Amino acid sequence: MKLTISSEEYLNAIYTLSLQTSSVRITDIANYLNVQKSSVNTAINNLKEEELIHYEKYKEITLTEKGLSCAKYIYKRHEVFKKFLNEILKVDEILADKEAEQLAHCVSCHTMAKLETFICELLKNKE
């Protein structure tokens with residue numbers, strides 16, 4: 001399945017928020033992404049159509065098994081880039097987080113795996 005960058009951002013937001021709180025709602029996502037609730041509603045309907053989330057109007061949002069798998073992968077890509085930028089290139093943590101979000105959408109699975117291996121080896125050799 002090929003997700004849009006927007007869909008990936010919403011899945012990542014839902015996953016990240018679910019790690020911080022027991023229930024995720026439209027308002028939480030809107031605040032987290034700094035977008036309008038109407039934008040969140042549109043995205044949520046698209047994610048529901050793709051069977052990536054469970055959602056009933058005015059209720060909490062949860063990830064399906066397929067959605068959780070996608071969200072974990074998206075989250076991991078972000079964390080790998082953030083680690084690379086912050087720990088290896090010494091980019092400021094806030095900037096690294098922001099730029100990791102953008103970079104995570106631009107690479108193939110193959111390149112991501114290679115980057116992760118490179119980071120692990122480089123950090124292991126620094127110890």
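These are my notebook entries on one protein chain, looked up in a predicted model.

**Entry 1: the whole chain**

I started with the overall layout. The protein chain has six helices and two strands, and reading along the sequence I get the pattern α-α-α-β-β-α-α-α. I then looked up the box that holds the C-alpha atoms, which is roughly 50 × 30 × 25 Å along the principal axes.

Next came burial. Of the 127 residues in the protein chain, 36% are buried. The accessible surface comes to about 8,200 Å², and carbon and sulfur atoms account for 51% of that. Among contacts with a separation of 6 or more, 53% are between residues 24 or more positions apart.

**Entry 2: helix α1**

I took helix α1, residues 5-20, and checked its length. With 16 residues at 1.5 Å a residue, α1 should span 22 Å, and its end C-alpha atoms are 23 Å apart, so the two agree.

Which residues of α1 are buried? I found Ser7, Glu8, Tyr10, Leu11, Asn12, Ala13, Ile14, Tyr15, Thr16 and Leu17. I then asked what covers the buried residues of α1. The cover includes the helices α2 (26-33), α3 (37-49), α4 (65-88) and α5 (93-103), along with the strands β1 (53-55) and β2 (61-63).

A general reminder to myself: in soluble globular proteins, nonpolar side chains tend to be buried together. Here the largest nonpolar core has 23 residues, and the members that touch the most others are Leu11, Ile14, Ile29, Ile44, Leu47, Ile53 and Ile61. The elements giving two or more residues to this core are α1, α2, α3, β1, β2 and α4. Its largest share, six residues, comes from α1.

Leaving aside neighbours within four places in sequence, Leu11 is in contact with Leu3, Leu47, Leu52, Ile53, Leu63, Gly67, Cys70, Ala71 and Ile74. Apart from this core lies another, of 13 residues, and among them are Phe84, Leu85, Val91 and Leu123.

Not counting residues up to four places away in sequence, Arg77 touches Glu8, Ala104, His105, Val107 and Met112. With Glu8 there is also a polar contact of 2.6 Å between the two side chains. Glu8 is itself on my list of buried residues in α1.

**Entry 3: the aromatic pair**

I searched the whole structure for aromatic pairs, and the search finds one. How are the rings of Tyr15 and Tyr75 arranged? Their centres are 5.2 Å apart and their planes stand at 70 degrees, so the pair is edge-to-face. Tyr15 lies in helix α1 and Tyr75 in helix α4, so the pair ties together parts that are 60 residues apart in sequence.

I looked up the accessibility of both partners. Tyr15 counts as buried at 11% relative accessibility, whereas Tyr75 is partly exposed, with a relative accessible area of 25%.

On to the backbone. Most residues other than glycine have a negative phi. I noted two residues here with a positive value.

Tyr58 has a phi near 70 degrees. Its place is in the loop between β1 and β2, and at 68% relative accessibility Tyr58 counts as exposed.

Lys90 has a phi near 65 degrees. I found Lys90 in the loop between α4 and α5. With a relative accessible area of 60%, Lys90 is exposed.

**Entry 4: Glu65**

My last stop was Glu65, which is found in helix α4. Glu65 counts as exposed at 73% relative accessibility. I also looked up how far Glu65 is from Glu51: they are 14 residues apart along the chain, and their C-alpha atoms are separated by 9.1 Å.

Note on methods: Residues are numbered from 1 along each chain as its sequence is written. This is a predicted model: local features need pLDDT of at least 70, side-chain atom pairs count only at pLDDT 80 or more; totals for chains, interfaces and linings use all residues. Side-chain values use heavy atoms; hydrogens and water are left out. Helices (H or I, at least four residues) and strands (E, at least two) are DSSP runs, numbered from the N terminus. The expected span of a helix is 1.5 Å times one less than its number of residues. Buried means under 20% relative accessible area, exposed over 50%, partly exposed in between (1.4 Å probe, protein chains only). Contact means heavy atoms within 4.5 Å. A nonpolar core is a set of buried Ala, Val, Leu, Ile, Met, Phe, Trp, Tyr and Cys residues joined through side-chain atoms within 4.5 Å. A polar contact is a pair of N or O atoms within 3.5 Å; within protein, one must be able to donate a hydrogen and the other to accept it, and residues adjacent in sequence count only if both atoms are side-chain atoms. Accessible areas come from the Shrake-Rupley method with a 1.4 Å probe; for residues, only the protein chains shown count as cover. Rings of Phe, Tyr and Trp (its six-membered ring) pair if their centres lie within 6.5 Å; planes under 30 degrees apart count as stacked, over 60 as edge-to-face and the rest as tilted.
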